[in-house]
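Dear colleague,

I am passing a structure on to you below, together with some notes on what came out of going through it. Please read the notes with the coordinates open beside them.

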Amino acid sequence: MMKRAIGIFLTLSSLLTYLIVDMLYDPVENKITTTDMNSGVTTATVLYQYPLMYWVICVILIITFILGIYFILAKEKKYEECPTLDTPEHTRNK
């Protein structure tokens with residue numbers, strides 16, 4: 001039961017953190033203009049690039065999300081009761 005609770009916490013916190021990080025980091029806009037000398041046509045290309053820290057945070061959040069899903073889907077081990085060795089049944093057989 002505890003694994004499942006930790007898994008739910010990790011999964012939800014990674015999703016919410018991703019939404020917050022996505023709002024905080026704005027991509028850097030790079031405009032590239034080229035002019036063809038033969039036709040005189042100018043084309044403008046806009047590239048959006050995120051900072052490196054954005055990608056580092058995303059990788060950490062993906063790992064956290066996968067770990068949370070693992071904890072949610074992992075089955076709990078059922079421990080069986082084992083008799084202790086110092087019970088009277090074990091000491092009589094010696």
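In what follows, a residue is called buried under 20% relative accessible area, exposed over 50%, and partly exposed in between, with a 1.4 Å probe and protein chains only. This is a predicted model, in which local features need pLDDT of at least 70 and side-chain atom pairs count only at pLDDT 80 or more, while totals for chains, interfaces and linings use all residues. Residues are numbered from 1 along each chain as its sequence is written, and side-chain values use heavy atoms, with hydrogens and water left out.

The confidence of the predictor in each residue, pLDDT, runs from 0 to 100; its mean over the chain is 84, and 86% of the residues reach 70 or more. Helices (H or I, at least four residues) and strands (E, at least two) are DSSP runs numbered from the N terminus, and the chain has three helices and two strands, which follow the pattern α-β-β-α-α along the sequence. Where pLDDT is low, the predicted coordinates should not be read in detail.

Of the 94 residues in the chain, 13% are buried. With contact meaning heavy atoms within 4.5 Å, residues 24 or more positions apart account for 59% of the contacts with a separation of 6 or more.

Ser-14, which lies in helix α1 (residues 2–24), counts as buried because its relative accessibility is 4%. Its side chain reaches the backbone oxygen of Thr-11 at 2.9 Å, and, leaving aside residues up to four places away in sequence, Ser-14 touches Leu-61, Thr-64 and Phe-65.

Turning to the aromatic residues, rings of Phe, Tyr and Trp (its six-membered ring) pair if their centres lie within 6.5 Å, and planes under 30 degrees apart count as stacked, over 60 as edge-to-face and the rest as tilted. The count by this rule is five aromatic pairs. The pair of Tyr-50 and Trp-55 is edge-to-face, because the ring centres are 5.8 Å apart and the planes stand at 85 degrees. Tyr-70 and Phe-71 form a tilted pair, with 5.8 Å centre to centre and 50 degrees between the planes; Tyr-70 is exposed at 51% relative accessible area, whereas Phe-71 is partly exposed at 21%. Tyr-25, Tyr-50, Tyr-54 and Trp-55 form one aromatic cluster.

Notes
A polar contact is a pair of N or O atoms within 3.5 Å; within protein, one must be able to donate a hydrogen and the other to accept it, and residues adjacent in sequence count only if both atoms are side-chain atoms.
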